[in-house]
Amino acid sequence: MAIFTTAGIKVSGLAACVPSKEVSNYDYKWVSAKEREQLVKTIGVEKRRHVEKGTTTSDMCQAAAEAILHGLSVDRSQINLLIFISQTRDYFIPQTSGIVQDKLGLPKSCISFDVSLGCSGYVYGLSLAAGLMNAFGISKALLLVGDISSLNSAYRDKSTYPLFGDAGTATLLEREPEAPPMHFNLEGDGSGYQAIIIPDGGMRNILTKKSFNYKKIAPGIYRTPLHVALNGIEVFNFSLREVVPNIRQLLKYTGEELNNFDYVVFHQANKLINETLRKMLKLPPEKVPLSIGKFGNTSSASIPLTLVSELHNPLKNRPLKLLLSAFGIGLSWGATSLILQQPYCPDIIEI
Amino acid sequence: MSITIEDFIKKIEDEFDELEPGKLKPDSVFREMFDWNSINALVLIAMVKTEYDVTLNADDLTQSKTVKDVFDIIQSRFQG
């Protein structure tokens, strides 16, 4: 079982970047006005941000990282680890992390690599960064996490298009012997890989002319095999089946009570899923911040984006005991219990 | 603890504003009662999970026509 603790790693900076272009689901003409209302009410997404063509996930992550490095006057030569977690990279090859390493002016001694994870990416990323820092004696690391889902979803697919938004985030981690421990419970089940998938364009189903053909999947759902396909009911039932036991297992391991956390921050899947999880855990709404109404489901970026967007002031003012829970594509899920001690947290950056 | 279809109907009426109270009967056909779509299906699944701790899947809903059909599935899986 992947339940473990990392010690001596501090989150010292946290920043999020979103595109300035705002898209409202009240303007989503593909469905009726009544359905638009229902979408906003149930899925909970009123607005989200879309990049202009040519802007990438790494551009947003880079802007977020620059804000932290500037704000804290970080000596860049000391950053010896950069992890870029995304399913929307700049190119098929090479890896995006190297491009960002160069753009940020990080030293050649900086270990840089990409990780392909979506919704669960931030929780996995924190554990990866902390674990490697301790194993290799790295003093400072950048964790860049984000996705551009707007380019992968078909406008005429009402099951995906109104849901997703774009965002990129950066987290600066530092080794500090006094830092409180972070506890993790990470899990996965690849048998559910088809629940959220872009079928064509990879090596299994290589790109052909047919990849560009639209097909009617169901009423209101038309897409090509190059667009993301989302099995809503399967993802929904997976989330309701796995997330609560994953959290309970972590709390049993740490001996903590759910009531003692200041906030529980979930991946922003959709409002119905998040509210159902909240009720299953009997948590009051004020302890479970939601940013999905403003930014939609931003895949791997949703937890750090929610921290910056919804918990900006508490984060600045006092140490916060947090439970972060991420779940989705893969299928892959996990939770972490950690204390954030007033990390540097600039306002949301727009690009 | 046992569950009743009257209680199930009450819970559906609470969840879906567009349903006129008293109209939904055990033999009512779901798709005829209101504008049935995938979001409504998710709302129903969420309600059943929260209220009865029972998981409905896509097949359950495709194979169910009436309120009673869905209730029978819930009852067969309900653990009290």
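## Getting started

Helices (H or I, at least four residues) and strands (E, at least two) are DSSP runs, numbered from the N terminus. This is a predicted model, in which local features need pLDDT of at least 70 and side-chain atom pairs count only at pLDDT 80 or more, while totals for chains, interfaces and linings use all residues. Residues are numbered from 1 along each chain as its sequence is written, and chains are lettered from A and ligands numbered from 1 in the order in which they are written.

## How confident is the model?

The scores are ipTM 0.83 and pTM 0.94.

## Where the chains meet

Let's look at the two chains together. Twelve residues of chain B are in contact with 13 residues of chain A; contact here says that two C-beta atoms, placed from the backbone, lie within 7 Å. Helix α3 (residues 38-52) of chain B supplies the largest share of chain B's side, nine residues. By class, that side has seven nonpolar, four polar and one charged residues. In this scheme Ala, Val, Leu, Ile, Met, Phe, Trp, Tyr, Cys and Pro are nonpolar, Asp, Glu, Lys and Arg are charged, and the others, Gly among them, are polar.

Helix α6 (residues 271-280) of chain A packs with α3(B) at an angle of about 5 degrees, their axes 10 Å apart. That makes α6(A) roughly parallel to α3(B). Axes are lines fitted to C-alpha atoms, for helices over the stretch in contact, and angles run from 0 to 180 degrees between N-to-C directions; under 35 degrees counts as roughly parallel, over 145 as roughly antiparallel, 65 to 115 as roughly perpendicular and the rest as oblique. On the α6(A) side you'll find Leu272(A), Thr276(A), Lys279(A) and Met280(A), which meet Leu42(B), Val43(B), Ala46(B), Lys49(B) and Thr50(B) in α3(B).

## The nonpolar cores

A nonpolar core is a set of buried Ala, Val, Leu, Ile, Met, Phe, Trp, Tyr and Cys residues joined through C-beta atoms within 7 Å. A residue is buried if 20 or more other C-beta atoms lie within 10 Å of its own, exposed if 12 or fewer, and partly exposed in between, with C-beta atoms placed from the backbone. The largest core has 101 residues, and Ala129(A) is one of those with the most contacts inside it. Helix α4 (residues 121-136) of chain A gives the largest share of this core, nine residues. A second, separate core of six residues includes Phe8(B), Val67(B), Val70(B) and Phe71(B).

## Some loop details

Chain A has a couple of cis peptide bonds to look at. One runs from Ile93(A) to Pro94(A), with omega near 0 degrees, and Pro94(A) lies in the loop between β5 (79-85) and α3 (96-103) of chain A. Another joins Gly330(A) and Leu331(A), with omega about -10 degrees; Leu331(A) sits in the loop between β15 (320-328) and β16 (332-340) of chain A.

Over in chain B, Asp53(B) is not a glycine, yet its phi is positive, near 50 degrees. Asp53(B) is in the loop between α3 and α4 (58-63) of chain B, and counts as partly exposed because it has 13 C-beta neighbours inside 10 Å. Asp27(B), in the loop between α1 (5-15) and α2 of chain B, has 9 C-beta neighbours inside 10 Å, so it counts as exposed.
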